[in-house]
Amino acid sequence: MPTTNAPNTLREGPDENGHFGIFGGRYVAETLMPLVLDVENAWKTAKSDPIFWSELEYYRKHYIGRPSPLYFASRLTDYFQGAKLYFKRDELNHTGAHKINNVMGQALIARRMGKTKIIAETGAGQHGVATATACALFNLECEVFMGAEDVIRQKPNVDRMRLLGAKVHSVTSGSATLKDAMNEALRYWVSKADTHFYIIGTVAGPHPYPQMVRDFQCIIGEETKEQMFEAEGKLPDTLVACIGGGSNAIGLFHPFLDDDVEIIGVEAAGLGISTKQHAASLTGGRPGVLHGNRTYLLQDNDGQITEAHSISAGLDYPGIGPEHSWLFETGRIEYVSATDNEALEAFSLCSKLEGIIPALEPSHALAYIKNIISSLPKNHIIVMNMCGRGDKDLEAVIPRLEEMDLL
Amino acid sequence: MKTYNEDRLKLLFENLKKEKRGGLGIFIAASDPNLEISLEILERLPQAGADMIELGMPFSDPMADGPTIQAASLRALKSGGSLKRTLEMVKKFRENDTKTPLVLMGYYNPIYNFGVKNFLIKAIKAGVDGLIIVDLPPEEDGELCLPAQKYNLPFIRLTAPTSDGERLPTILKNASGFIYYVSIMGITGTQSIATQNVQNAVKELKKHTGLPIAVGFGIKTRKDVADVTSFSDAAIVGSAIVNVIEQSLDSNGEGSDKTVADVLALVRDLAAGVRNKKIA
């Protein structure tokens, strides 16, 4: 169960209407409001129920495989000749990413609400696979909405979802990527209100999702804290994680917000921030309202949402969780970015030196670490969230690495 | 502060009462398929029998709309549609029509981006009579509903089949203009309405509010319009109109005189539905 926080903390948000400062909220159609309020009530009840947490704990341990190791990346550390680098190995979770942490929690809530059918949106397909997995386990019907473009570039995950018994809806509306998948899932949900629970995959959407998903992902940071004390007897100096919607990042960061720890989020700079072909909502966007919350968005002068670009389907989203927008404006977290090419170099380097094939998403985090680590002292400790494994990305990555002469 | 001082919605519903009939609201997306054709349709809607106009402000991510209005929104944006241009269309429309109520319908982000105060001032000046902002539930009234109230501009609320006795007071608290009853659980243009259910819901709704009630979502035919206006104050038709626009486009997606003629023909047909029913 999440611990209660002392006053003057950065960890107590959001307020009862789901606001983190001016961000967050519930910007949805009236047709959706009762559904969102139902989820909020169910979440509130579950949250204060020890039975709920012990049930989740059971699945965390025996099904997901938690705690995930905190691994000292010695060869990369040697290679960079600077700070010590640790990986939080959330790519070792069942289904290969951090997404399952959240899905198990929400699936248990859906069950408590008596819902028998689940819908989800997915970008890279990791959240879709995690949802399909939990649905197989709990005997729930599963429908996943995925942008048509992502269906093509993440085919292995589409196959996995189908194998697990889920129905994959290929979404062709709008730009046919993650944001459109989310639009479509929301539209579908409205028409199936009685039976369906919507498992949102990231810390975005209307309240209570950003808070609920965060609370389920916080296990990453809580374990890290404990494991770091065990390994080094102290807090880490720097935390780094990649950010699309921002669920793996907030999971690692949140338990450290009140500690004297530097925190860095890495957005996807795509072809470069100046090219406009990127997915860096904080670095290159401004506040707006989409998908039920106010947050930083990529948008044009008229407030129309623009398409994001990243080689990583999981980061290819024109928004970001509202809590990140708030933490950005308060200055608590530093948000930077890494390009497609930088991520590809890191992808290759990590595979060769550590025997860990990272997903393209955390490759962005490693790419940024690569820029700063050598200039840091040897007793400086960096923890990076290795939030997913890269098997799903090989089809997209291999030709690019060949082009770059990195294979 | 220049506030809204027209009463077009109020006058319309008073007149409809005198005429003992319901009203016909017609939705089009501003700049669909392009500015010129869209403006021509807009200007000729009242003559074809539209009592009230709902002008859609195009948005890239229309979360509550089905494929038909999504496509209209994208066509509008592709042809250069924007919030600024939508307001210019209203201004043009008002040069020749000072009577027909026109409400803007859309999503919040373009307005937030434009600046709430700036938007309200420009909308009132252009001749807008009300706002229907889909993704602003009562929980977010501070954003636009209360500022609009300060400017006296009606903020029209949506209620849905799921809006029960517990939820309704929250929804109706800051409602003005009229109530827009969303007749189906879903998105625009997908299903047809179940008239009996809608009638019961409107009856229930009338216990909670004295505001006129318009029914929308899933109303497609003259018969739908006639049925719905036999127990409500107005019927709003959107996707059926937009469908006609879509079907009139040539292979390059361009509209023509046919687009205008086809839309107006449908509106005339629908208008017969409100004019024959209650008089009979």
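Strand E3 of chain A is joined to strand E4 (residues 84-88) of chain A by 3 bridges, and the two run antiparallel. Strands here are DSSP runs (E, at least two residues), as helices are (H or I, at least four), numbered from the N terminus; two strands pair if DSSP finds at least two bridges between them. The model is predicted, so local features need pLDDT of at least 70 and side-chain atom pairs count only at pLDDT 80 or more, while totals for chains, interfaces and linings use all residues. Residues are numbered from 1 along each chain as its sequence is written, chains are lettered from A and ligands numbered from 1 in the order in which they are written, and side-chain values use heavy atoms, leaving out hydrogens and water.

Within this pair, Phe72(A) stands opposite Tyr86(A) of E4(A). Both strands belong to an open sheet of 6 strands in chain A, ordered E3-E4-E14-E9-E10-E13, with mixed pairing. Its edge strands, each pairing on one side only, are E3 (70-72) and E13 (334-339) of chain A.

Chain A also meets chain B. The contact (heavy atoms within 4.5 Å) takes 38 residues from chain A and 39 residues from chain B. In chain A, Tyr27(A), Glu30(A) and Arg187(A) lose the most area to chain B. Between the two chains there are 3 salt bridges, a salt bridge being a side-chain nitrogen of Lys or Arg within 4 Å of a carboxyl oxygen of Asp or Glu. Glu30(A) forms one with Arg167(B), with the closest N and O atoms 2.8 Å apart. Helix H8(A) gives the most to the side of chain A that touches chain B, with 8 residues.

How values were computed: Buried area = accessible area lost by both parts, 1.4 Å probe.
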